[in-house]
Amino acid sequence: MILLVGGTGRLGSVLAARLTGRGLAVRVLTRDPARAAHLAAQGAEVATGDVRDCASLAPAVRGADVVVSAIQGLTGPRGVTPATIDYQGNINLIDAARAAGAQFVLMSVAGAAADSPMELFRMKHAAEEHLRESGADWTIVRATAFLELWIDVLTSTAARSGRPVVFGRGNNPINFVSVADVAALVEHAVTDPATRGRILEIGGPGNLTFNQLAAAIQAADGRTGTPRHVPRLALRFMAGTVGRIKPELGRQARAALLMDAIDLTHDTAGIRQACPGLPCTPLSTCLQSKHGTPTMSRPA
Ligand SMILES: NC(=O)c1ccc[n+]([C@@H]2O[C@H](COP(=O)([O-])OP(=O)(O)OC[C@H]3O[C@@H](n4cnc5c(N)ncnc54)[C@H](OP(=O)(O)O)[C@@H]3O)[C@@H](O)[C@H]2O)c1
């Protein structure tokens with residue numbers, strides 16, 4: 001039995017479909033079972049719980065051979081933060097998995113480090129450290145920014161004006177990876193015990209600025225409008241004002257400022273050499289998929 005926490009999310013839903021599709025028993029833990037209806041229809045068992053509530057984790061991990069954490073709290077409202085979800089929630093889940101004798105696959109971020117300026121990256125790193133010292137058999141998967149998420153953000157902000165919104169200057173190169181590729185690697189980590197004790201880091205085929213990504217989306221959608229930029233000053237102001245009342249907006253503004261400035265490039269050659277069957281989905285396929293062309297392919 002595989003317990004998948006975060007199975008209702010962007011990555012989790014693709015991963016759950018891959019795991020149930022190969023006939024593996026999957027239990028999805030969610031705070032709201034209604035969100036997991038599509039996973040139940042694929043044959044997954046659905047359990048209700050919250051990683052902040054240890055009492056709800058003991059029954060969820062019972063009988064699990066592998067626990068997968070694909071949770072995040074970056075964009076959550078009050079009480080849902082990198083500290084409460086990515087750090088403490090993962091600690092609770094790791095300890096529950098360890099007590100149940102389950103192996104653990106932790107979804108983390110490329111750039112996770114104790115001294116990262118990005119709060120999320122520090123919290124992921126602290127969870128990684130706890131897992132490594134927990135005594136459980138573990139695999140950590142670190143990924144760069146999810147391409148489909150940012151295609152959705154840029155597409156939806158262009159819906160009214162025809163011009164996507166870019167936060168900051170938009171000329172910092174960032175590595176984007178397709179969720180399909182990440183799901184294939186996590187599936188590999190779940191099913192291959194040889195990955196235990198390893199950190200697997202995945203990125204996409206190239207580094208792109210937000211301005212370049214916006215231009216590619218505009219071209220695919222047949223639009224010509226250039227991006228509207230939210231100036232860095234406005235982001236700083238937002239972090240210091242609105243962010244005090246709505247901390248999630250402050251976190252997002254600070255994250256946007258950092259994405260506009262820090263090194264988020266990645267060379268994906270290492271993981272492609274280590275796992276030659278892993279898909280490496282190009283931007284063009286993700287853009288076609290947005291227009292209804294299926295993109296999922298199973299690695300050899
Ligand atoms: N998005 C990116 O660009 C990116 C890049 C690198 C790594 N990652 C990592 O990849 C993983 C998946 O990211 P994603 O973007 O696919 O996530 P997502 O779509 O935002 O989904 C988040 C998931 O977390 C679960 N969750 C949140 N709070 C929870 C709680 N208190 N208890 C139980 N579950 C909780 C949600 O489940 P319910 O709402 O059903 O409870 C949901 O399934 C995360 O670990 C993330 O840090 C993401």
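This is a predicted model: local features need pLDDT of at least 70, side-chain atom pairs count only at pLDDT 80 or more; totals for chains, interfaces and linings use all residues.
Trainee: Where should I begin with the ligand: which residues come nearest?

Mentor: Begin with the shell of residues around the ligand. Here the shell has 24 residues, and Thr8, Thr30, Arg31, Ile71 and Gln72 come nearest.

Trainee: How do the residues of that shell divide into nonpolar, polar and charged?

Mentor: Sort them by residue type. The shell around the ligand holds 11 nonpolar, 7 polar and 6 charged residues.

Trainee: Which N or O atoms lie 2.8 Å from atoms of the ligand?

Mentor: Look for pairs of N or O atoms within 3.5 Å. For Arg10, a backbone N or O atom sits 2.8 Å from a ligand oxygen. For Asp50, the side chain supplies the N or O atom, 2.8 Å from a ligand nitrogen. Val51 uses a polar backbone atom, 3.0 Å from a nitrogen atom of the ligand.

Trainee: How much of the ligand's accessible area does the protein cover?

Mentor: Compare the ligand on its own with the ligand in place. On its own it has 900 Å² of accessible area, and the protein covers 89% of that.

Trainee: How many bridges join β7 to β9?

Mentor: Count the bridges, then find which residues face each other. 2 bridges join β7 to β9 (residues 174-177), and the two strands run parallel. Ala145 stands opposite Phe176 in β9.

Trainee: How do β1 and β2 pair?

Mentor: β1 and β2 are parallel, over 4 bridges. In β2, Ile2 has Val26 as its bridge partner. Val5 stands opposite Leu29 in β2.

Trainee: Which way do the residues of β1 point?

Mentor: Check each face of a strand in turn. From β1, Ile2 and Leu4 point one way, Leu3 and Val5 the other, and all are buried.

Trainee: And β2: which residues lie on one side and which on the other?

Mentor: Val26, Val28 and Thr30 are on one side, Arg27 and Leu29 on the other, and all are buried. With 5 of its 5 residues buried, β2 is largely enclosed by the rest of the structure, and that is why both its faces count as covered.

Trainee: Which residues have the most contacts inside the largest nonpolar core?

Mentor: The largest nonpolar core has 34 residues, and Val68, Val182 and Val186 have the most contacts inside it. Several elements give two or more residues to this core, including β1 (2-5), β2 (26-30), β4 (66-69) and β6 (138-143). α7 gives the most, with 8 residues.

Trainee: Now α1. Is Leu15 buried or exposed?

Mentor: Apply the cut-off: buried means under 20% relative accessible area. Leu15 lies in helix α1. Its relative accessible area is 0%, so Leu15 is buried. Thr20 is also in helix α1. At 16%, Thr20 is buried too.

Trainee: Last, polar side chains. What does the side chain of Arg232 contact?

Mentor: Arg232 lies in helix α9 (residues 232-240). At 17% relative accessibility, Arg232 counts as buried. Its side chain makes a polar contact with the side chain of Asp260, at 3.1 Å.

Trainee: And where does Ser116 lie?

Mentor: Ser116 is in the loop between β5 and α5 (119-133). Ser116 counts as buried, at 7% relative accessibility. The Ser116 side chain reaches the backbone nitrogen of Met118 at 3.0 Å.

Terms used: Residues are numbered from 1 along each chain as its sequence is written. Side-chain values use heavy atoms; hydrogens and water are left out. A residue is near a molecule or strand if one of its heavy atoms lies within 4 Å of it. A polar contact is a pair of N or O atoms within 3.5 Å; within protein, one must be able to donate a hydrogen and the other to accept it, and residues adjacent in sequence count only if both atoms are side-chain atoms. Accessible areas come from the Shrake-Rupley method with a 1.4 Å probe; for residues, only the protein chains shown count as cover. Ala, Val, Leu, Ile, Met, Phe, Trp, Tyr, Cys and Pro count as nonpolar, Asp, Glu, Lys and Arg as charged, and the others, Gly among them, as polar. Two strands pair if DSSP finds at least two bridges between them. A nonpolar core is a set of buried Ala, Val, Leu, Ile, Met, Phe, Trp, Tyr and Cys residues joined through side-chain atoms within 4.5 Å. Buried means under 20% relative accessible area, exposed over 50%, partly exposed in between (1.4 Å probe, protein chains only).
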